[in-house]
Amino acid sequence: MNLDKFDLAILASLQRNARASLSEIGAEVGLSSTPCWNRIKRMEQAGVIRGYTVDLDPAQLGYQDTVIVHVTLDDHSEQTLYEFGRALADIPEVLEAYLVSGDYDYYIRIAVRDTRDYERLLRERLYLIPGIRHSKSSFVLRQLKQGRLPLQRRDA
């Protein structure tokens with residue numbers, strides 16, 4: 001999908017505040033509400049906009065710690081990768097999981113209440129997944145940045 005400067009401006013506005021009204025977005029990007037709405041609907045239908053979410057503070061909800069887990073699997077068959085991904089999808093504390101190149105097969109970001117909660121999660125969920133050869137855990141000490149997609153014209 002080709003995005004022009006108005007589309008990118010709308011996306012940037014929505015990234016900052018997905019609850020902004022059409023008139024607020026239109027005023028910000030220099031369009032009236034109807035063209036704004038048409039562009040948003042077009043980007044939704046094309047899958048550029050995948051949905052709208054709320055940014056929650058994990059600590060306010062009792063999740064004081066974030067753990068990055070590096071995992072190596074015994075086997076790299078399509079079936080093993082598929083089953084591992086499905087198992088991770090069933091663990092609510094798993095926030096993100098990436099199949100990566102390099103020394104490990106997966107990087108997994110997990111939200112936990114504390115170290116004891118993480119130990120429980122390892123025993124009751126993660127280590128029950130078949131095929132894990134090795135894992136290494138790192139507790140996040142401080143989040144330095146949580147970014148948004150950089151939106152700029154590709155032809156600029």
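Guide: This is a predicted model. Four strands make an open sheet, ordered β2-β3-β1-β4, with antiparallel pairing.

Visitor: What makes β2 and β4 edge strands?

Guide: β2 (94–99) and β4 each pair on one side only. From one strand to the next, the twist averages 20°.

Visitor: How do you know that β1 and β4 pair?

Guide: Pairing takes at least two bridges. β1 and β4 are joined by seven, and they run antiparallel. So they count as paired. One of the residues involved is His70, whose bridge partner in β4 is Lys136.

Visitor: Which strands does α5 touch on the sheet?

Guide: α5 packs on the sheet and touches β1, β3 and β4. Its direction makes about 130° with that of β3.

Visitor: Which residues of α5 are buried?

Guide: In α5 (residues 115–124) they are Asp117, Tyr118, Leu121 and Leu122. They span an arc of only 140° around the axis, so they sit on the same side of α5. These buried residues pack against β1 (65–73), β3 (106–112) and β4 (132–139).

Visitor: Why is Asp117 called buried?

Guide: Buried means under 20% relative accessible area. Asp117 has 13%, so it counts as buried.

Visitor: What makes Arg120 and Asp117 a salt bridge?

Guide: The cut-off is 4 Å between a side-chain nitrogen of Lys or Arg and a carboxyl oxygen of Asp or Glu. For Arg120 and Asp117, the closest N and O atoms are 2.8 Å apart. So the pair qualifies. Arg120 and Asp117 are three residues apart in α5, about one helical turn.

Visitor: Which salt bridge links Arg120 to Glu93?

Guide: Their side chains meet at 3.2 Å, N to O. Arg120 lies in α5 and Glu93 in the loop between α4 and β2, so the pair ties together parts 27 residues apart in sequence.

Visitor: Are these two partners buried or partly exposed?

Guide: Glu93, at 14% relative accessibility, counts as buried. Arg120, at 22%, counts as partly exposed.

Visitor: What makes Asp74 and Arg133 a salt bridge?

Guide: Their closest N and O atoms are 3.5 Å apart. The limit is 4 Å, so the pair qualifies. Asp74 lies in the loop between β1 and α4 (78–89), and Arg133 in β4, so the pair ties together parts 59 residues apart in sequence.

Visitor: Why is Arg133 called exposed?

Guide: Exposed means over 50%. Arg133 has 51% relative accessibility, so it counts as exposed. Asp74, at 47%, counts as partly exposed.

Visitor: How many salt bridges does this rule give?

Guide: The count comes to 11. Asp4, Asp7, Arg39 and Arg42 are linked in a network of salt bridges.

Note on methods: Residues are numbered from 1 along each chain as its sequence is written. This is a predicted model: local features need pLDDT of at least 70, side-chain atom pairs count only at pLDDT 80 or more; totals for chains, interfaces and linings use all residues. Side-chain values use heavy atoms; hydrogens and water are left out. Buried means under 20% relative accessible area, exposed over 50%, partly exposed in between (1.4 Å probe, protein chains only). Helices (H or I, at least four residues) and strands (E, at least two) are DSSP runs, numbered from the N terminus. The arc is that of the directions from the helix axis to the C-beta atoms. Contact means heavy atoms within 4.5 Å. Axes are lines fitted to C-alpha atoms, for helices over the stretch in contact, and angles run from 0 to 180 degrees between N-to-C directions.
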